[in-house]
Amino acid sequence: MQDKRSSQRQETATLFAQIKQRAPNFFAVYDNDNSELIGHLADLSVTGMRVVSREALWLDQTFAIRIDLPREVRDRTEIRAVAKVIWSKPHETNGLFDLGFHFQQVSEDDTRTIEQLLSILSILVLNSSNT
């Protein structure tokens, strides 16, 4: 089960990377308190996310975040949550940072939206691997 989950996570991360190359502003992640861009989504699960950012953030910082969706999912254009920075590491070559966030508060509606988005993304992964 762990190998399957790891494989699915890698496929999802790869798809996010492909989307980022085609449309760099998709899946923007904002600090909802001040509307400042934190970065762009690089991976997502119902328990947290990985964000690529131009700035390092302090561990244990908590943010009210907003993730802008590239299209409506379940009649929603964004996901909102409270998320805590649990790890941060610099990229070796491009000066960007990978940030790991754990969701501390997510509404039931937003959790369902994340699940639906992940389902859509997994279908896209399957279709791209079959071509």
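Q: How much of the chain is buried?
A: Buried residues are 36% of the 131 in the chain. Buried means under 20% relative accessible area, exposed over 50%, and partly exposed in between, with a 1.4 Å probe and protein chains only.

Q: What kind of model is this, and which cut-offs apply?
A: This is a predicted model: local features need pLDDT of at least 70, side-chain atom pairs count only at pLDDT 80 or more, and totals for chains, interfaces and linings use all residues. Residues are numbered from 1 along each chain as its sequence is written, and side-chain values use heavy atoms, leaving out hydrogens and water.

Q: What does pLDDT average over the chain?
A: The average is 84, and 73% of the residues score at least 70. pLDDT is the predictor's confidence in each residue, from 0 to 100.

Q: Where is confidence lowest, and where highest?
A: Helix H1, residues 2–22, is lowest in the chain with a mean of 59. S6 is highest, at 97.

Q: OK, the fold. How many helices and strands?
A: Two helices and six strands. Along the sequence the pattern reads α-β-β-β-β-β-β-α. Helices (H or I, at least four residues) and strands (E, at least two) are DSSP runs, numbered from the N terminus.

Q: In what order do the strands close into a barrel?
A: The order is S1-S2-S3-S6-S5-S4, with antiparallel pairing. Neighbouring strands of this sheet are turned by 45° against each other on average, direction ignored. Axes are lines fitted to C-alpha atoms, for helices over the stretch in contact, and angles run from 0 to 180 degrees between N-to-C directions. Two strands pair if DSSP finds at least two bridges between them.

Q: How many bridges join S3 to S6?
A: Six, between residues 48–53 and residues 97–106. Valine 51 stands opposite leucine 99 there. Serine 53 has phenylalanine 97 as its bridge partner.

Q: And how many join S5 to S6?
A: Nine, again in an antiparallel pair. Alanine 83 faces phenylalanine 103 across that pairing. S5 and S6 form a hairpin with six residues between them. Glycine 95 in the turn has a positive phi of about 75°.

Q: Which non-glycine residues have a positive phi?
A: Serine 35, at about 65°, and arginine 74, at about 55°, are among them.

Q: Where do serine 35 and arginine 74 lie?
A: Serine 35 is in the loop between strand S1 (28–31) and S2. Arginine 74 is in the loop between S4 and S5. Serine 35 is partly exposed, at 47% relative accessible area. Arginine 74 is also partly exposed, at 34%.

Q: Switching to the core. Which residues touch the most other members of the largest nonpolar core?
A: Ile38, Met49, Ile65, Ile67 and Phe101, out of 25 residues. Strands S2 (36–44), S3, S4 (62–73), S5 (76–90) and S6, plus helix H2 (108–129), each supply at least two residues of this core. S4 gives the most, with five. A nonpolar core is a set of buried Ala, Val, Leu, Ile, Met, Phe, Trp, Tyr and Cys residues joined through side-chain atoms within 4.5 Å.

Q: What does phenylalanine 101 touch?
A: Not counting residues up to four places away in sequence, its neighbours include Ile38, Met49, Val51, Leu57, Phe63 and Val85. Contact means heavy atoms within 4.5 Å.

Q: What share of the contacts comes from residues 24 or more positions apart?
A: They account for 55% of the chain's contacts with a separation of 6 or more.
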